[in-house]
Amino acid sequence: MIQAQHSLAEEKVFKDPVHKYIYVQDQTIWNLINTKEFQRLRRIRQLGTSYLTFHGAEHSRFSHSLGVYEITRKIISQFERGGYPDWPREEKLVTLCAALLHDVGHGPFSHSLEQVFDTNHEDWTCRILLEDTEVNRVLYEFDSSLPERVAAVIRKTYNQPIVISLVSSQMDADRMDYLLRDAYYTGVNYGTFDLERILRVLRPHQGQIVVKESGMHAVEDYLMSRYQMYWQVYFHPVTRSSEIILRQIFRRARELYGGGYAFAWMIEPLRRLLDDTLDVENYLSLDEALAQTTFMQWTKEGDPLLSDLCSRFLNRKLYKYAAVDKPDEELWQNIRGQFAAIGLNPDYHFEIDFPYDMPYDVYRPGLSSNDKEEKPPILLLGQDERLSEISERSDIIRSITGLHQGKYHLYYPEERLLESAGKLQPRILEYFGLL
Ligand code: ZN
């Protein structure tokens, strides 16, 4: 068993626009916040490229991580006050450390980068916990088993499932913080919900977190907020356009690198990324400041495609989009041919996007077992101690459950099409709404 926590002589307090205050009472948590790996999260935006759509969305993973810690701390202190026997009290520190560190492995513009280079921020989080880092030293100093235990929570293999469900489930501290924080910083008011009320109705019950039946309406409110944020912020088509450009920059750079292209500007961590030989030290020096500087330098590269993509991203000259209901492979193939004929690159200048590959979803009570993102459903605890899945009880939740059939969005450089409009079939101009 892990030894008792060391309290700070004086409680530390952070001012936070979402939770008003964030309280740190424990020496280990305070030391973790002061490691260079955690401080690096100040240089990674929580919402990637969303600031190009919502200019307020400049908040960092640092503020989000503190917020997840604070929500977890509040839930645990409510469990402790209630004296619930199903909450294992000795797990407090491990849970708080996992909450604080759950995103420490995020890279710059994480989801776009992960798609191109097939990396995974959870793997990097575990490596940062377990390899030679300041975070590892702080955890190890407290107890030599702590790094491995926190990593097990992140990997969802920890032997106390209730700890995992606080950090990662359909109603975990992570989602509760990012929904409120993203709503605040984007200015999307309908993304909010009553956090205080939700915290009051959560209960530890047989190895999982459940909701007292009387809290059903507060959970409806929370899921509606997820619904709103999904469609208004996370799947905003302009944000998707900027993500496409970003992915294309990385894709083009990797293509050029593989072909032996001599970059006028290249630095070690980036070379290692393109080489697929990143170690923890190099990975940690990849942040958004470095990415932006790289894009700035690459606007001067000899490869016209790479330099064009970089200046599009920096100057927000994004691809326009047309929304269509149905796929039309034959027409899309024709479009690719015509694009090539007017000097465009169909591998870059025509992208089809569909909202299925989002890192966010609204709510799915039961997922197929091959879905690695499977999360336990939200369960209501009745007065008779019986559990029921929430979408069976709530009409509102039933109506927003499951994956939505969104529209297909086709992205393209509008100004290049207009320049060559005379050479394109009218049918295609019409398809893009340019006629
Ligand atoms: Zn998170």
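Glu91 has a relative accessibility of 4% and therefore counts as buried (under 20% relative accessible area with a 1.4 Å probe and protein chains only; exposed is over 50%, partly exposed in between). This residue forms a salt bridge with Arg149, with 3.6 Å between the closest N and O atoms; the term calls for a side-chain nitrogen of Lys or Arg within 4 Å of a carboxyl oxygen of Asp or Glu. Distant parts of the chain are linked by the pair, since Glu91 sits in the loop between helix 3 and helix 4 and Arg149 in helix 8, 58 residues apart. Helices here are DSSP runs of H or I with at least four residues, strands are runs of E with at least two, and both are numbered from the N terminus.

The model is a predicted one, in which local features need pLDDT of at least 70 and side-chain atom pairs count only at pLDDT 80 or more, while totals for chains, interfaces and linings use all residues. Residues are numbered from 1 along each chain as its sequence is written, and side-chain values use heavy atoms, with hydrogens and water left out.

In total, 27 salt bridges were counted. Asp353 pairs in this way with Arg240, the closest N and O atoms being 2.9 Å apart. Within helix 17 (residues 304-314), Asp308 and Arg312 are four residues apart, and so separated by about one helical turn; their salt bridge spans 3.0 Å from N to O. Asp308 is partly exposed at 25% relative accessibility, whereas Arg312 is buried at 4%. A network of salt bridges with shared partners joins Glu268, Arg271, Arg272, Asp275 and Asp279.

Turning to the metal site, the zinc ion has as protein donors His64 (NE2), His102 (NE2), Asp103 (OD) and Asp174 (OD), at 2.2 to 2.3 Å. Donors are N, O and S atoms within 2.8 Å of the metal (3.2 Å for Na, K and Ca), and sites may look incomplete because water is not among the atoms. His64 belongs to helix 3 (residues 61-82) and Asp174 to helix 10 (residues 173-186), so the pair ties together parts 110 residues apart in sequence. Both His64 and Asp174 are buried.
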